[in-house]
Amino acid sequence: MAVGRSRTPTAAESTASNRGQFVMVLDDIRSCVARAPDAIAVQDGELRLTYLELARYASGLAAGLTRRGIGQDDVVAVYADRSAELVVAELSVLLAGAAYLPLDPAHPA
């Protein structure tokens with residue numbers, strides 16, 4: 001490729017790159033659970049989730065998604081305000097092997 005020129009990644013390359021990023025996020029969470037399970041991972045007002053609690057909640061939801069047939073190459077819409085529950089939902093989608101599409105309730109229909 002010539003210097004100064006760029007190309008748009010193919011869909012397969014883009015998907016592979018995104019999966020790599022998802023794996024890194026999951027590896028980071030697993031590392032935090034192993035290193036400091038009782039450290040606060042998410043705080044939303046009075047609600048505080050430790051890394052271990054976050055992992056447990058997300059794993060349970062991911063299992064439910066998997067039972068419903070969600071997996072690799074699926075995109076799951078997540079409709080929620082910024083909250084601890086949003087973090088759990090997004091992490092669970094990644095654990096199920098899918099990608100999430102965040103939908104903000106504050107945006108107009």
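Guide: The dialogue below goes from the overall fold to single residues. Please keep in mind that this is a predicted model.

Visitor: How many helices and strands does the protein chain have?

Guide: One begins with the inventory and then reads the order. The protein chain has three helices and four strands, and along the sequence they follow the pattern α-β-β-α-β-α-β.

Visitor: What share of the residues in the protein chain is buried?

Guide: A residue counts as buried when its relative accessible area is under 20%. Of the 109 residues in the protein chain, 28% are buried. The chain exposes about 7,600 Å², and carbon and sulfur atoms supply 55% of that area.

Visitor: How do strands β1 and β2 run, parallel or antiparallel?

Guide: Strand β1, residues 40-44, and strand β2, residues 47-50, run antiparallel and are joined by four bridges. D44 stands opposite L47 in β2. The two strands form a hairpin with two residues between them, and G45 in the turn has a positive phi of about 65°.

Visitor: Is V33 buried or exposed?

Guide: One compares the residue's accessibility with the cut-off. V33 has 18% relative accessibility and therefore counts as buried. V33 belongs to helix α1, residues 11-35. Leaving aside residues up to four places away in sequence, V33 touches Y51, L52 and A55. V33 and E53 are 20 residues apart in sequence, and their C-alpha atoms are 9.1 Å apart in space.

Visitor: How many residues of α3 are buried?

Guide: Helix α3 is mostly covered, with nine of its twelve residues buried. Among them are A84, L86, V88 and E90. From its first C-alpha to its last, α3 reaches 17 Å, close to the 16 Å expected at 1.5 Å a residue. After α3 comes G97, whose phi is positive, near 95°.

Visitor: Which side chain of opposite charge is nearest to E90?

Guide: E90, in helix α3 (residues 84-95), is buried yet has no salt bridge. The nearest side chain of opposite charge is that of R82, 8.5 Å away. Not counting residues up to four places away in sequence, E90 touches Y100 and P102.

Definitions and conventions
Residues numbered from 1 in each chain as written. Predicted model: local features only at pLDDT ≥ 70, side-chain atom pairs only at ≥ 80, totals over all residues. Heavy atoms only, no water. Buried < 20%, exposed > 50% of the residue type's maximum accessible area, 1.4 Å probe, protein only. Areas by Shrake-Rupley, 256 points an atom, 1.4 Å probe, with all protein chains shown as cover. Pairing = 2+ DSSP bridges. Lys, Arg positive; Asp, Glu negative; His and termini not counted. Salt bridge = Lys/Arg side-chain N within 4 Å of Asp/Glu carboxyl O. Contact = heavy atoms within 4.5 Å. Expected span 1.5 Å × (residues − 1).
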